[in-house]
Amino acid sequence: MKEIVFAGGCFWGVEAYFKLIDGVISSTVGYANGHTTNPTYEEVCSKKTGHTEACYLSYDENKISLIELLKAYWAIVDPTVLNRQGPDVGEQYRTGIYFIDSEDLDIINASKLEEQKKYSAPIVTEIQPLIKFWNAEAYHQDYLEKNPYGYCHIPLDELRRKMNKS
């Protein structure tokens with residue numbers, strides 16, 4: 001089992017999306033790489049904690065590679081926009097890839113270079129070691145499973161259709 005943390009706007013959609021992918025074993029939404037201890041959602045939204053909404057993934061590298069996960073990640077974010085994804089605006093919605101295993105850094109950086117070829121604007125997605133991760137409140141975990149009509153900036157229905165065709 002390997003682990004990686006992705007931030008891509010509202011964490012509800014990021015979690016729901018990655019749970020669709022074979023090889024992703026578990027996911028937890030929470031707050032990454034800020035400067036406060038055990039923040040609440042309200043504190044993160046106040047823009048005073050430095051945390052980003054993120055999704056901590058455990059995956060089976062025998063079923064899915066980090067390269068494949070990164071391709072999936074790049075498909076759901078606009079990496080050239082700072083502090084916004086879809087209609088969600090604020091530093092907590094910035095994009096980020098936070099690695100646990102330093103050996104993953106070369107793969108992540110190569111992926112970013114490949115992705116940059118698609119854009120004229122520079123990619124602003126943070127790529128950093130995971131320093132801190134605090135689990136979000138229970139009501140945020142698996143939010144879109146519990147609230148199937150809840151808000152999501154990621155077109156999950158469209159993605160589900162594509163995944164079912166392949």
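Reply: The largest nonpolar core has 37 residues. Among those with the most contacts inside it are Ile-4, Phe-6, Tyr-17, Phe-18, Leu-69, Ile-76 and Ile-97. Eight elements each give this core at least two residues: β1, α1, β2, β3, α3, β6, α5 (143-146) and α6 (156-165). A second, separate core holds seven residues, including Val-5, Ala-32, Tyr-98 and Phe-133. A nonpolar core here is a set of buried Ala, Val, Leu, Ile, Met, Phe, Trp, Tyr and Cys residues, joined through side-chain atoms within 4.5 Å. Buried means under 20% relative accessible area, exposed means over 50%, and partly exposed lies in between (1.4 Å probe, protein chains only).

Some ground rules come next. This is a predicted model, where local features need pLDDT of at least 70 and side-chain atom pairs count only at pLDDT 80 or more, while totals for chains, interfaces and linings use all residues. Residues are numbered from 1 along each chain as its sequence is written, and side-chain values use heavy atoms, with hydrogens and water left out. Helices (H or I, at least four residues) and strands (E, at least two) are DSSP runs, numbered from the N terminus.

Leaving out residues up to four places away in sequence, Ile-76 touches Val-14, Tyr-17, Phe-18, Gln-85, Ile-154 and Leu-159. Contact means heavy atoms within 4.5 Å.

Now the sheet. Six strands form an open sheet with mixed pairing, in the order β7-β6-β1-β3-β2-β8. Its edge strands, β7 and β8 (133-135), each pair on one side only. From one strand to the next, the twist averages 35°. Strands β1 and β6 run antiparallel, joined by five bridges. Ala-7 has Gly-96 in β6 as its bridge partner. Two strands pair if DSSP finds at least two bridges between them.

Helices pack on this sheet. Helix α1 (residues 11-19) touches β1, β2 (24-32) and β3 (52-59), and its direction makes about 170° with that of β2. Helix α3 (residues 66-74) touches β1, β2, β3 and β6, and its direction makes about 10° with that of β1. For these angles, axes are lines fitted to C-alpha atoms, for helices over the stretch in contact, and angles run from 0 to 180 degrees between N-to-C directions.

Next come the charged pairs. Side chains of opposite charge can pair when their charged atoms come close. The whole structure has seven salt bridges, each a side-chain nitrogen of Lys or Arg within 4 Å of a carboxyl oxygen of Asp or Glu.

One of them joins Lys-2 and Asp-101, at 3.2 Å from N to O. Lys-2 sits in strand β1 (residues 2-8), while Asp-101 sits in the loop between β6 (95-99) and α4 (105-116), 99 residues apart. Lys-2 is buried because its relative accessible area is 15%. Asp-101 is partly exposed, at 27%.

Lys-2 also meets Asp-104 in a salt bridge, at 2.7 Å from N to O. Asp-104 lies in the loop between β6 and α4 and Lys-2 in strand β1, so this pair ties together parts 102 residues apart in sequence. Asp-104 is buried, since its relative accessibility is 3%.

Glu-126 and Arg-94 form another salt bridge, at 3.0 Å from N to O. Here Glu-126 belongs to strand β7 (residues 126-129), and Arg-94 to the loop between β5 (88-89) and β6, 32 residues apart. Glu-126 is partly exposed at 21%, whereas Arg-94 is buried at 8%. Through shared partners, salt bridges join Lys-2, Asp-101 and Asp-104 into one network.

Arg-94 has a further neighbour in Asn-33. Asn-33 is in the loop between β2 and α2. Its relative accessible area is 12%, so Asn-33 is buried. Beyond four places in sequence, the contacts of Asn-33 include Gly-50, His-51, Tyr-98, Gln-128 and Pro-129. The side chain of Asn-33 also reaches the backbone nitrogen of Ile-131 at 2.7 Å.

Last, helix α2 (residues 41-45) holds Glu-43. Glu-43 is partly exposed, with a relative accessible area of 38%. Its contacts, leaving aside neighbours within four places in sequence, are Asn-38, Lys-48 and Thr-49.

Definitions and conventions. Polar contact = N/O pair within 3.5 Å; in protein donor to acceptor, adjacent residues only side chain to side chain.
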